[in-house]
Number of protein chains: 2
Amino acid sequence: MREVAVLGVGQTKFGELWDRSFREIGIEAGLEALVDAKLSSSDLNALYLGNMASGTLIDQEHIAPLILDYAGLAGRHLPSVRIEGGGASGSLALHQGYLAVASGLYDYVVVGGAEKLTDVPDATASEITSSAADHEWEVVFGATLPALWALLARRHMHQYGTTREQLAQVPVHAHAMAARNPNAHYRNKLTLEQVLGAGPVAEPLGMLDCAPFSDGAAAVVLGPLETARKHTDTPIRIAASEVACDTMALQHREDITTLASTVEAARRAFGRARRAPPDVRVAEIHDGYSISALVALEDLGFVEKGRAGAEFSSGTFGPGGRTVVNPSGGLKAQGRPFGAVGVAQVVEIVRQLRGEAKDRQVPGAALGLTHDVGGTGATSVVHLLERGN
Amino acid sequence: MREVAVLGVGQTKFGELWDRSFREIGIEAGLEALVDAKLSSSDLNALYLGNMASGTLIDQEHIAPLILDYAGLAGRHLPSVRIEGGGASGSLALHQGYLAVASGLYDYVVVGGAEKLTDVPDATASEITSSAADHEWEVVFGATLPALWALLARRHMHQYGTTREQLAQVPVHAHAMAARNPNAHYRNKLTLEQVLGAGPVAEPLGMLDCAPFSDGAAAVVLGPLETARKHTDTPIRIAASEVACDTMALQHREDITTLASTVEAARRAFGRARRAPPDVRVAEIHDGYSISALVALEDLGFVEKGRAGAEFSSGTFGPGGRTVVNPSGGLKAQGRPFGAVGVAQVVEIVRQLRGEAKDRQVPGAALGLTHDVGGTGATSVVHLLERGN
């Protein structure tokens, strides 16, 4: 297999982008990534697009050629493919782009992720979010995605003594980080009291424990590592790209305090890259709900099972900590445009590894990790990225 | 790149499968393909699933792990990914499976395609079908997918003298072929008079010029060609897998009597395989509407531009003809469960190349082609398959 590098990155602001269409934000991110990679569109061989729910959100399927077309590339008849896997759609698209370049069939590939969530009422967006859970076994009985994660939280509290206050530290951290990210949906800081006092969504999770519905797009340009120096002084090598799946419904799992898909994707990724969790200096992880982040830190191997709440509260994953988590602000504060999330995670890590993250730069970051989840963990995707040589 | 072979195939009946769920048909096709490939599920490395519109059709996104789970494979935490590109979703999934094996990252991959279209009212299915066209430039102004193909038909008639009767030969042929296919949605024969006398959908296209809404699933198992003999006496090599895209909206094209995406995908596929259209003995092509098949025959290079109507009527593409087209009955008569179509095309060609197509066997078939289209040709996918050595 050919080694694959990230040559360029781009991202729109995340938030309520009511004045801009799906195609507009898709193009903006893609063109920024292309310019960043010092490539022209005539160098491109294919487009992969991560998107979860354009059919229900904007009455439009078949969106990969739509973006290609609107970018003015229809005349070159490039291949374009949409990839879907719930909230993990963006990372799955990256995995496909990685395979495409690794195979040797394509040299330069744009991987984009885009979602337009705020053009529909919140109740509709909420229903659509839940379509990433098991419709026949969970959703028809009234379980929403936050309700399912709340079950997971309750069990984690029961089994490991995780506290409500420890959960609330997750959004406090997210907003503190996002304050330094000009692309973030929310840049206001939160206090512990605000999180604890917010109205309940599905107890123990309140309004401020749940990532928002956002619009947004992100893109990366991939190419062979061997020629990456032509495009950038700091090629970022994809050291591992691993996908793992699990049961759709929570009730079919032996233990709901862990995402087996994350454990497995991380195990494979670290194995392939011959690295270990302590080597990771900066990570973008799934914090769709406060509990998601704590479980992820455990399942990725950054902390012993059951200890994430205590460790998170003690600052292990904050600025100056051992591994800095979600410098972008994560899903909670940078925002959650489903299909764009996994790609945006890679954009952030690439900027960190290049030393271009400005106010939120993590010093000495040489190896970074991204972790993206669909539903309640039926899909997890882990990428390891490192500065190329 | 590693050479890739089809090791096993499986398919459900296509039709109105009201007593069976999406997951049930998905599993049936996948297991049949696995057994056919003499593989056990423990040999598998990944699942790719082509599906166009599960979000709107069955309120369920994130369907690749759903199928994996229901197949009892969740415990192995295999990667699973859904691929979408309108009606071309199945072929696009095959392209991804092909790249995955070619890259060397995965050895054995199941590529499935599934769609459940008849659980919603026909009007809803019709709206969903049109979501493969350009929503903002076409659909909101009232254009449906058959209306757009009807524009194409009118122009083709005007420009090349194609007649209404020539168009009507397409469904007559499709039903004649499907009569020999036990999996077909429609096995009744049609007369020219019946097609011409059917109620109009979008003139010149009538009810019997349009492929039906069907439920169904199909699957293939892919693996490296070098070890294919362990699994089958007749490995079928993927000689080319090519995707090309074009503008979403018809009005942005220079000439609407041709699908540039098909022309380009075919050019690349024949170039890669170092073969030419006359080498193809059997082909499964897109006949979603009668005009689709005629345009495809021209764009794939089987007949000169403008001549497909006359040639088709003269039997060039019928049993005993130069190239036998759609022995399965095609989309029109075998059925059109969007995401399953492209995979089912490959299932049929593999059976033909293996000499296992029974009543509908095309004698001496050594090279076969599949051609799958999304929308009005924003995506085209062409595969060339041949008996491996």
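**Entry 1: two helices in chain B**

I started with a helix pair and found that α1(B) passes α3(B) in a right-handed crossing. This is a predicted model, so I'm reading everything here as a prediction. I noted that α1 covers residues 22-36 of chain B and α3 covers residues 63-70 of chain B. The two pack at an angle of about 65°, and their axes are 9 Å apart. Angles of 65 to 115 degrees count as roughly perpendicular, so that is the word for α1(B) and α3(B).

Which residues meet here? On the α1(B) side I wrote down B:Arg23, B:Gly26 and B:Ile27, and on the α3(B) side B:Leu66, B:Ile67 and B:Tyr70. Sorted by class, this contact has four nonpolar residues, one polar and one charged.

**Entry 2: how the two chains are related**

Next I asked what rotation superposes chain A on chain B. It's 180°, with 0.0 Å of shift along the axis, and the RMSD is 0.0 Å. The two copies are thus related as by a two-fold rotation axis. I also looked up which residue of chain A comes closest to that axis. A:Ser103 does, with its C-alpha at 1.9 Å.

**Entry 3: where the chains touch**

I then turned to the contact between the chains: 51 residues of chain A are in contact with 51 residues of chain B. On the chain A side, α2, α3 (63-70), β3 (80-84), α4, β8 (236-245) and α9 (260-273) each give at least two residues. The largest share, six residues, comes from α4(A). By class, I have 25 nonpolar, 18 polar and eight charged residues on this side of chain A.

Why do I say the copies meet through the same surface? Because 100% of the interface residues of chain A are also interface residues in chain B.

**Entry 4: the domains of chain A**

Last, I checked the domains. The assignment gives chain A a domain 1 (4-121 + 214-236) and a domain 2 (125-212 + 240-387). Their C-alpha centres lie 23 Å apart. The contact takes 40 residues from domain 1 and 39 residues from domain 2.

On the domain 1 side, the elements with at least two residues each are β1 (4-11), α2 (54-58), α4 (89-103), β4 (109-116) and β7 (215-224). Here α4(A) turns up with the largest share, eight residues. I counted this side by class as 20 nonpolar, 17 polar and three charged residues.

Key:
Residues are numbered from 1 along each chain as its sequence is written. Chains are lettered from A and ligands numbered from 1 in the order in which they are written. This is a predicted model: local features need pLDDT of at least 70, side-chain atom pairs count only at pLDDT 80 or more; totals for chains, interfaces and linings use all residues. Domain bounds come from an automatic or database domain assignment. Two residues are in contact if their C-beta atoms, placed from the backbone, lie within 7 Å. Helices (H or I, at least four residues) and strands (E, at least two) are DSSP runs, numbered from the N terminus. Ala, Val, Leu, Ile, Met, Phe, Trp, Tyr, Cys and Pro count as nonpolar, Asp, Glu, Lys and Arg as charged, and the others, Gly among them, as polar. Axes are lines fitted to C-alpha atoms, for helices over the stretch in contact, and angles run from 0 to 180 degrees between N-to-C directions. Angles under 35 degrees count as roughly parallel, over 145 as roughly antiparallel, 65 to 115 as roughly perpendicular and the rest as oblique. A crossing is left-handed if the near helix is turned anticlockwise from the far one by less than a right angle, and right-handed if clockwise. Copies are superposed by least squares on the C-alpha atoms of residues with pLDDT of at least 70 in both.
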